Amino acid sequence: MDIGKAFSFVFDDEQWVASILLGGLIVLIPIIGQLALLGYVMETARNVARGNPRPLPQWNTFGEKLSLGFAGFIISLVYALPIVVLTMLLMCLPLFAAAGARREEGAAAAIGGSFLCLFPLLFIVALLLQPVILAGLVRYLQTGSIGAALQVGEVIAMVRADLGAWVVLWLISLLCGFVASLGSIVIIGFIFTYPYSQAVFGHAMGQTMQRFSPTLATTYAPPPPMV
């Protein structure tokens, strides 16, 4: 993966300032903005995988971004269900422990022990699911079908085919999260660093997508000129 290109490609686009800053303003819209920016990431990835020489999306197709982002959210949520269930258990166990303490100390101790055991289990499950969630998003971009993206066997097969690539992509997502957080040092800087970091991650995802769909790079055709 060309990590340097992922971080620099934004500045190759003549309209990068407008694209990034508008993305930073849109993400301030509750829920809708987050979904649209997720779609922005996925559209970037698709553009890179198809060999678009200017893969940075513009915001003239807001509806498409929102649709992509909604699909990406559903896919991520379904694959994250084990994390959601474990988190709910962690939230409920203290209540059970408090109730058990009133009745029997042994029951309270057992519940408290379960609480401590679930913490590392939640961490392990979260680590294992990260590559699967990313592969599910890529499969959706390959097929355009949420159903295909939720074919667990196929998605896990993608991860097993090149686990190293998915781990690298996940690590880049963490790095992008750090880059995004830098903008919070200066409040207004977040408007730039957050969409920029997401564009970087989208490019990295597109590169990973090309590893599994190398023929996509030959399908790009420039849009017809506007009249």
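Colleague: Where does Gln198 lie?

Modeller: This is a predicted model, in which local features need pLDDT of at least 70 and side-chain atom pairs count only at pLDDT 80 or more, while totals for chains, interfaces and linings use all residues. Residues are numbered from 1 along each chain as its sequence is written, and side-chain values use heavy atoms, with hydrogens and water left out. Helices are DSSP runs of H or I with at least four residues, strands are runs of E with at least two, and both are numbered from the N terminus. Here the chain has ten helices and zero strands, and Gln198 belongs to helix H10, which covers residues 190-212.

Colleague: Does Gln198 count as buried or exposed?

Modeller: Buried means under 20% relative accessible area, exposed over 50%, and partly exposed in between, with a 1.4 Å probe and protein chains only. Gln198 counts as buried because its relative accessibility is 18%.

Colleague: Which residues does Gln198 touch, not counting those up to four places away in sequence?

Modeller: A contact means heavy atoms within 4.5 Å; by that rule, and with residues up to four places away set aside, Gln198 touches Leu37 and Val41.

Colleague: Which residues are buried in helix H8?

Modeller: In H8, residues 152-161, the buried ones are Val155, Met158 and Val159. Seen down the axis of H8, its buried residues fall within an arc of 95 degrees, taken from the directions from the helix axis to the C-beta atoms, so they line one face of the helix. On the face turned away from that buried side, H8 carries the exposed residues Gly153, Arg160 and Ala161.
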